[in-house]
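Thanks for coming, everyone. I'll walk through domains first, then some backbone details. Let me put the structure up.

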Amino acid sequence: MPRCLAVTFLTFLLAPMALPQAASTGALEVSGRVKIDGKVEKLTRKRFYLFTGGLKENSSLLERIRTAEVVSRDCYYKRAKASQPFICWLQAADCESPYCRTPSESEIQSVPEFKAAFTKGMTQFRSKPAIARDWLLTNMSANLVNGFYLQKRTLSETLLGNAKPLQSSMTDTITVKSIFIDIPVPVATKFTVSNILAMEVGKKSYVWACEVSVEPGKTAKLNLQVPEAGKTIKNCEVIVKDLPQCGTGACEQK
Amino acid sequence: MKLRVLFIFAFFASAAAVMFLGPSDPASAQRRDKGFSHASASHKKIDCSSCHKVPTSNWVSTRGYPDVADFPGHASCINCHRRDFFSGNRPAICAGCHTNPGPRGAARFPFPVRSRSQEFSIVFPHDVHQDLIARNVKQTETVVAHFVPTNFRSADDPKTPEFNNCAICHKTTEKLPKYGPRVSAGVKPLVEAATGAFLPAAGFFKDSPNSHASCFTCHYQNQKPARTDCAGCHKLTTPYFDSNTISRYSIKFDHLSKNHVNKDCMTCHVRIAQNSDIAKMKDADVPILTCSTSSCHGPVIREEIGKREASLEEKKPTFQCIYCHSPEVGRFPIPPSHQN
């Protein structure tokens with residue numbers, strides 16, 4: 001019994017000393033500046049996921065990503081019966097939804113969906129144009145406002161299945177980097193990074209799944225690349241698909 | 001026969017009493033002294049929108065935008081609290097909303113009563129909102145010669161479209177808010193804080209929404225949670241008083257300095273992109289990594305950490321880190337996050 005007490009006492013005495021002085025964590029920096037067809041594209045505000053294990057350990061996830069159907073932004077809105085001016089308004093600044101930016105006065109007048117919502121808002125909000133304008137999206141149908149996002153979210157849940165990402169992170173618009181921090185790594189450990197949802201660049205879609213090794217106390221770096229025709233990139237699988245054409249009309253691009 | 005008559009009389013008498021007095025909860029009068037609580041067992045069963053009208057009829061004069069700008073009407077309370085309404089000349093129940101309780105006291109407190117404890121916390125998924133306002137940056141400057149169905153660059157359009165971003169909710173503060181040091185719980189300082197106060201400017205800070213104004217622009221209707229789905233954002237919690245004090249590890253960070261103002265918020269606020277509930281975020285949403293690995297601040301931060309370690313090793317007066325921190329924070333042990 002006294003020995004037992006002594007062990008307990010020693011445990012309490014030594015406990016604070018046993019606290020880790022430096023966490024066994026590492027970091028990962030994914031650069032979203034990618035050379036595609038000779039031009040550097042900036043993949044800004046794109047979400048990347050970090051999975052435990054390398055490409056081999058995440059093979060079933062990869063298989064789901066490979067076979068996933070890509071519904072482009074234009075196809076989604078065409079199917080949702082959006083007007084051509086609305087689709088062009090999205091295209092003009094490469095927006096995925098009307099949450100992206102505030103329509104100007106002239107845009108409200110020239111895009112039928114905006115005009116209808118504004119007129120409805122004027123009736124509902126006691127003829128106050130500022131509210132009808134600022135709350136424009138509340139008078140638009142949900143499928144045109146957040147439908148594309150919800151569809152992508154559903155797809156990401158399907159693709160993930162039982163795979164639970166350790167973290168997710170988004171690229172910013174200045175450095176175009178996606179940073180993962182506090183990755184628990186007692187020793188150098190393999191991880192898979194992927195955007196899982198296809199990113200639209202030009203007329204193609206891109207999904208990256210890359211294997212990286214993260215070491216404690218260090219920041220691993222990953223530069224996304226697109227392989228030249230017939231070639232591969234070490235430790236990366238890049239799934240490139242042609243975007244489906246949905247008969248959306250042409251828009252002025254500036 | 002007499003018994004039967006008595007029974008019928010008793011039945012009708014009790015029915016009349018219920019009709020007149022209502023199904024009053026005997027304990028409700030006692031609870032009045034404590035004020036209204038959303039957390040009572042009976043109130044928790046009621047749907048928020050059955051009492052709160054959205055918008056209330058006074059929104060134009062009170063808020064300027066459709067909002068819940070007033071207390072629920074008497075009809076919301078009277079079914080259960082009829083007896084409380086008629087107890088004495090100055091019924092306690094009236095004091096919940098009226099400045100002068102009593103039958104003639106029509107004036108009401110401004111809604112909500114800010115001096116009272118708050119019963120709800122806000123759930124705001126930053127990750128969902130950041131996914132939704134995500135966009136590509138327009139890459140090409142080449143004019144494509146196609147048929148032009150719509151022109152989006154008319155005279156009143158700005159040259160650069162204004163994209164929605166964090167700033168739609170978080171604006172630079174115009175007045176210096178209440179602020180204080182943020183310290184990790186359970187960690188003891190190494191020394192007393194050195195003297196010398198640092199005074200930040202208003203522009204160091206960003207606002208956070210404290211009304212429905214910024215939420216309703218999207219969530220008024222159609223987009224869930226809509227205005228009548230109060231529980232979509234408001235979760236009952238232990239009553240608390242909002243201190244309105246901004247706690248910062250690094251009080252010296254100036255959002256408006258020339259080398260910060262040109263950055264994307266997410267360049268530094270790395271953790272926020274994956275946060276589904278701000279209340280559950282334990283660490284700073286700006287990790288030290290974003291500053292300590294930069295060429296601007298990295299050398300000074302490493303130098304300060306070196307000075308701290310040296311002072312401890314040489315048993316000299318503990319060096320306090322004041323490049324980023326005020327002495328109230330800089331006197332604490334260097335956290336593991338700074339040692340990677």
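**Domains and backbone geometry**

Start with chain A: the centres of its domain 1 and domain 2, taken over C-alpha atoms, are 33 Å apart. Keep in mind that this is a predicted model. Domain 1 of chain A comes in two segments, 25-71 and 159-242. Domain 2 covers 75-145.

Now to the backbone of chain B. Which peptide bonds are cis? One joins B:Phe111 and B:Pro112. Its omega is about -5°.

Another cis bond runs from B:Lys224 to B:Pro225, with omega near -5°. B:Pro225 is also placed in a loop. That loop links helix H7 (213-219) to strand E3 (234-240) of chain B.

Next, phi angles. Take A:Val176. Phi is positive there, about 55°, and the residue is not a glycine. Look for A:Val176 in the chain A loop between strand E5 (167-170) and strand E6 (177-184).

Is A:Val176 buried or exposed? Buried: its relative accessible area is 0%, and the cut-off for buried is under 20%.

Back to chain B for B:Asn244. Here too we have a non-glycine residue with a positive phi, about 55°. B:Asn244 lies in the loop between E3 and strand E4 (245-248) of chain B. What about its accessibility? B:Asn244 has 54% relative accessibility, so it counts as exposed; the cut-off for exposed is over 50%.

Over to you for discussion.

Technical notes: Residues are numbered from 1 along each chain as its sequence is written. Chains are lettered from A and ligands numbered from 1 in the order in which they are written. This is a predicted model: local features need pLDDT of at least 70, side-chain atom pairs count only at pLDDT 80 or more; totals for chains, interfaces and linings use all residues. Side-chain values use heavy atoms; hydrogens and water are left out. Domain bounds come from an automatic or database domain assignment. Helices (H or I, at least four residues) and strands (E, at least two) are DSSP runs, numbered from the N terminus. Buried means under 20% relative accessible area, exposed over 50%, partly exposed in between (1.4 Å probe, protein chains only).
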